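Here's a quick tour of the model on your screen. We'll begin with charge, move on to the overall fold, and then visit a few local spots.

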Amino acid sequence: MLTDTQTSLLQSYRREISTYDEVIGADGLVKPHWNKLFASLEKIGLKELDYRNQEIINRLRENGVTYNVYESADGLNHPWQLDPIPFLIEQKEWEQITLGLKQRAQVLDLVLRDIYGPQRLVREGILPPELIFDNTGFFRPCFDVKLPSENQLLLYAADVARGPDRRMWLVDNRTQAPSGAGYALENRRIMSKLLPELTEGMYVGRLFPFFNTIHQTILSLAPHTKENPNVVYLTPGPNNETYFEHAYLASYLGYTLAQGDDLVVRDGYVWLKSLEGLEKVDVIIRRVDDDWSDPLELREDSRLGVPGLLHSIRSGKVAVINPPGVSALENSALLSFMQSCSKFFLQQDLLMPSIATWWCGQQKELGYVLDNLHRLIIKKANRKQKFRSVYGKTLSKEALAQLRLEILKTPHEYVAQEEVSLSTTPSLVNGKIEPRLASLRAYMVSNGSDYCMLQGGLTRSSAEKDRYVISNQYGGISKDTWIVSDTVAETPSRMTNTVKNTATPHSTLPSRSAENLFWAGRYAERTMSLTKFLRIVISAINENVDFRGSFKLEYIDILLKSTTHLTLSYPGFTDEKNDQIRENPYKELGELVKNSQKSGTVASNVQSFLNSALAVSDRWNHDTRRVITLLENSLKKTKSLDIHNHNSVQNLLDKLHGRVFTFYGTLSESMPRDHAYHLFEAGKLVERLLAKISVLRSCFSFKNDVNTENELIEAVLTNHYLLVHYRQLYKSSFNLETMLDMVLMDDKIPYSIAYQLDLLAQCLAQLPKVSPTIRLNKAEKAVLEAATQMKLADVSRLVLGSPNKPFRKDFDQLLSRVGNLISSVTVSLTDTYFTHTFIQSVLVEKSVNDATNEV
């Protein structure tokens, strides 16, 4: 029995209800499982629930769960929002919903096969021809695009909400590339970790079986002769609104995330341009819209699709889920004809009602819409036409008259829907539980001739009270969806594979991903090197605020110039005529931290790193993604950084430096030593070598007096993390020759040039060979030459200057040659592995021959 304290929370919520609510049954009583949930919420208490909600927000940010909002003033990558109060549906009701949605999926699949086949629906008057042939989702080139399975609509999602009769109503269909299942999976993971006690007294349906069925469906489409089919998850790229989900599901399912330019059609087959050459693709999970899928036959200006993809599907040489052309089913006007289609194909009435819909392309329906415009919701029939739903009741007489004229111009482009009162559900709003309108997106996958339902879904609730605005683009908040019962069902808890794997495991690395990994390494190290050196410079200035002593002034002046050389932010501190910049160096140093629009600064380096890291999100584990999010948070803080507050600048640099180190450590401890790892390491080492060489040349290519050089030696040792080690060996006696021997040639010291060159050579040796006849490629030869020159150098000769001149010619020339050789590594790797538009003839020839043999 609940105590008075416990019942108060539920009673308080009931007083807020103004329409029918998910919590209350038809008998006016609280539904049993909602009663249990509220009991758990009341045990937790609102204060603790609010605290857990903040933990959810923090965890989502740390995990990098984002949703890109187009045309947002705040830019892309908006944090995903998750309400801590789940959406509950009892198992018995869910079984009825499942029957209704399976029937919808079957009807839509039959409609799809008909409109791209015999077109009986049009010939027998079930569907008006305009509804098909003027449909922006209907593409004639897709007429003979078929999958090797009975069902053609393999993935299907439906938006449903509870209507006035307390039954679930269908609101909308998602057939083209249904989104949200990945977010639902992440919502469940977060909720199970941060609010596990909410499940007390009830069993919640598992999500894993659905994704296992997806995997089995994909395997069934691949050639049966292949034990490990090559499956590609095709994404439009990092700027897409649901890119997080694309990377998340590709990683979860174990598929290769790729963009259109990563794929090429040769001899009718689709090939993935990978680091090891061309790899044949068997199945594509498509998240690129239909019309962008193939620029040869569909939208010619598309850079997101694959030229020749439709031909490859027709030829039966690749399977695409869902096949192009299914967007025709997303036309809202079809809702008004689904009952007729169901009777035509199945001789059944629809089990699940849908919101009353009128297509204005018919005279009678047009008249009704125009007469009732003030109380209907007006939409464009084709979703691709940018048009936000218009609520007639909110319009003035003038606005209604204008809308009437717009509809009369092109009536077939508009549909009207009845504005019905939908149910509300409990949501946490500003520390209080309030009712909010909500809608559930349910997911199905074909497992042959039938459909398997996800035991859950993505529920979205409105951020505004009494307004049905649930789209994430307009502020909708997600909820975990629980299918609850009193008994537990026997379900597998992990992804399973019924195919016996005897082939050698192989992980594909697309050339675009390879390039992004390399540059992620370069920008990460660029950030690391600069933050480290700026900390040294700022500390030196702070210790010598009034640096008017002769050697002190020269020492700091050299360090400041070194900073400009390191960042390539000329003229900077190298401008001899600008005395003001040296007298007050903090302003320029602050700019080198904060200005994201200036190349070479800390902010621009971090942003470039994040761009590269985001492009390969599927390569990072949870811990790595959390560190990346911390770096993103640090970048945001640079925008409000007060460059006149030296302590704030120093603290930010300290935090950034530590977080990059954490990122390195996480990768080192967790990332497999595969091509991806070695490319990241190669990028990091190339940048580290160039940065260290730049500082050494800036500080020691010219002789200085003993005191100045001692200060520079200490700074360089600090920059190489060697000051403590040096003092242990040589106490406090600084000597340029011994220092250079340590930082240049000691191959047992991690930050020495020799050690880094050896490590870079090892990384490059692990990358695939373009030709078996070539032992060393250009990059490997350059590193070997650099390492040889460094190891053969005579340090005692390097420290000597030219006769009667302060310039150390041998020293400077050695580092210049080594720097140029290391710089050439990037060019060589780009030519060998990263050029997406160029395909090496040896690889094409080999791959096409393989294809011919299989045919």
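## Charge

Let's start with the charges: the chain carries 98 positive and 100 negative side chains, and the centres of the two sets lie 0 Å apart. Lys and Arg count as positive and Asp and Glu as negative, with His and the chain ends not counted. Each charge is placed at NZ of Lys, CZ of Arg, CG of Asp or CD of Glu.

## Ground rules

This is a predicted model, so local features need pLDDT of at least 70 and side-chain atom pairs count only at pLDDT 80 or more, while totals for chains, interfaces and linings use all residues. Residues are numbered from 1 along each chain as its sequence is written, and side-chain values use heavy atoms, leaving out hydrogens and water.

## Overall fold

The chain has 29 helices and 22 strands; these are DSSP runs numbered from the N terminus (helices H or I, at least four residues; strands E, at least two). Along its principal axes, the C-alpha trace spans about 100 × 75 × 60 Å.

Take contacts (heavy atoms within 4.5 Å) between residues at least 6 apart in sequence: 72% of them join residues at least 24 apart.

## Helix α2

Helix α2 covers residues 32-44 and reaches 19 Å from its first C-alpha to its last, close to the 18 Å expected (1.5 Å times one less than its number of residues). Its buried residues include Trp34, Leu37, Phe38, Leu41 and Ile44. Just after α2, glycine 45 takes a positive phi of about 90°.

## Two buried spots

Where does serine 617 lie? It's in the loop between α18 (602-615) and α19 (622-639). Serine 617 counts as buried because its relative accessible area is 12%. Leaving aside neighbours within four places in sequence, serine 617 is in contact with Tyr243, Ala247 and Arg625.

Methionine 453 belongs to strand β20 (residues 451-453) and is also buried, at 6% relative accessibility. Not counting residues up to four places away in sequence, methionine 453 touches, among others, Trp94, Leu101, Phe210 and Tyr443. From methionine 453 to valine 231 is 222 residues in sequence and 22 Å in space, C-alpha to C-alpha.

Technical notes
Buried < 20%, exposed > 50% of the residue type's maximum accessible area, 1.4 Å probe, protein only.
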